[in-house]
Amino acid sequence: RSVAYRMGAMRLGGLQGNVTVPKQTGAATWYWLASESTSVTESQQTLGQMALSPKTGGAYTEISRQLLLQSSPDAEVLVTSDLGRVGGLGIDSAVLSGSGASGQPTGIVNTSGIGSVTGTSIDFAKVLEFQTDIATANVLPERGGYATTPTVAALLMQRVKFSSTASPLWEGNLWDGSMVGFPAMSSNQMASASMLFGDWSSVVVAEWGVLEISVNPFANFQAGIIGVRAMVSMDCGLRYPAAFSLATSIT
């Protein structure tokens with residue numbers, strides 16, 4: 001259950017070396033001409049580069065021979081499935097809120113230049129403010145959507161757009177709903193009491209290889225210990241930071 005991928009993040013797979021993705025940081029200027037002999041003043045777009053390089057994470061578990069002999073269903077299948085699930089959650093967490101330090105990618109919420117909405121006493125006006133925030137930055141979301149925690153989703157389901165009416169801010173179920181015309185998802189990978197809205201097509205996820213699940217039957221040969229490892233190398237970035245807005249400390 002990946003928020004980033006389901007919301008529409010762009011995936012760059014099969015990479016080998018470091019990559020740079022072009023991004024536009026400023027537009028040209030439009031001029032009206034005073035007469036038919038007036039020349040158009042030259043102006044330039046401001047272009048930049050987003051550098052992406054592999055950031056590697058993993059998880060490791062050991063299984064005893066006795067556990068394999070006595071388990072039903074197969075313990076190895078359960079462990080590999082769990083590591084695959086944990087790896088997927090790790091990738092999603094990195095895209096949403098990676099710190100950019102200690103080997104982590106820089107996630108959306110820690111990217112410089114994203115917008116902000118005050119989260120205290122959140123109501124219909126503030127839910128709409130997410131959209132006006134990015135609209136003011138001239139963003140028309142191709143894949144717009146809200147992402148928050150289950151706790152905040154439950155709070156929004158109890159609050160209404162208009163008093164004394166059955167008009168909840170969050171419509172649908174707790175996991176997959178909608179708010180004012182856009183999809184809304186809840187995930188434990190979001191930081192507590194926070195919510196994002198933006199154009200998820202502006203998120204780039206670079207992938208070097210795939211999520212690998214490897215088994216070492218000789219992790220400790222003498223004791224009959226089997227090692228199971230999951231590893232992934234990826235990075236992420238925003239082509240246009242102003243395409244997202246964040247609220248924290250939501251009450």
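**Overall form, sheet pairing and selected loop residues of the predicted model**

Asn138 is located in the loop that links H4 and E6, helices (H or I, at least four residues) and strands (E, at least two) being DSSP runs numbered from the N terminus. The structure is a predicted model, in which local features need pLDDT of at least 70 and side-chain atom pairs count only at pLDDT 80 or more, whereas totals for chains, interfaces and linings use all residues. Residues are numbered from 1 along each chain as its sequence is written, and side-chain values use heavy atoms, with hydrogens and water left out.

Although Asn138 is not a glycine, its phi is positive, at about 60°. Its relative accessibility is 73%, so Asn138 counts as exposed; the classes are buried (under 20% relative accessible area), exposed (over 50%) and partly exposed (in between), computed with a 1.4 Å probe on protein chains only. A positive phi, near 50°, is also found for Ser121, a residue other than glycine. Ser121 belongs to the loop between E5 and helix H4 (124-136) and is partly exposed, with a relative accessible area of 49%. Most residues other than glycine have a negative phi.

In total, the protein contains 5 helices and 13 strands. Its radius of gyration is 23 Å, well over the 18 Å that the globule rule gives for 251 residues, so the protein is more spread out than a compact globule. The radius is taken over C-alpha atoms, and the rule is 2.2 Å times the number of residues to the power 0.38. Along the principal axes, the C-alpha atoms fill a box of roughly 90 × 55 × 25 Å. Buried residues account for 39% of the 251 residues. Of the contacts (heavy atoms within 4.5 Å) between residues at least 6 apart in sequence, 72% join residues at least 24 apart.

An open sheet of mixed pairing is formed by 7 strands in the order E5-E13-E10-E6-E9-E8-E7, two strands being paired if DSSP finds at least two bridges between them. Strand E5 (115-118) and strand E7 (171-172) are the edge strands, each pairing on one side only. Within this order, strand E6 (residues 144-148) and strand E9 (residues 182-186) run parallel and are joined by 3 bridges; Ala147 stands opposite Met185 in E9. Strands of a sheet pair through backbone hydrogen bonds, either parallel or antiparallel.

The loop between E9 and strand E10 (195-199) holds Gln189. This residue has 19% relative accessibility and therefore counts as buried. Leaving aside residues up to four places away in sequence, Gln189 touches Leu89, Asp92, Ser93, Leu96 and Ser97.

Strand E4 (residues 55-64) pairs with E12 in the antiparallel sense over 10 bridges, and Gly57 stands opposite Val232 in E12. Strand E11 (residues 203-220) is also antiparallel to E12, over 12 bridges, with Leu238 in E12 as the bridge partner of Val203. E11 and E12 form a hairpin with 4 residues between them, and Gly224 in the turn has a positive phi of about 75°.
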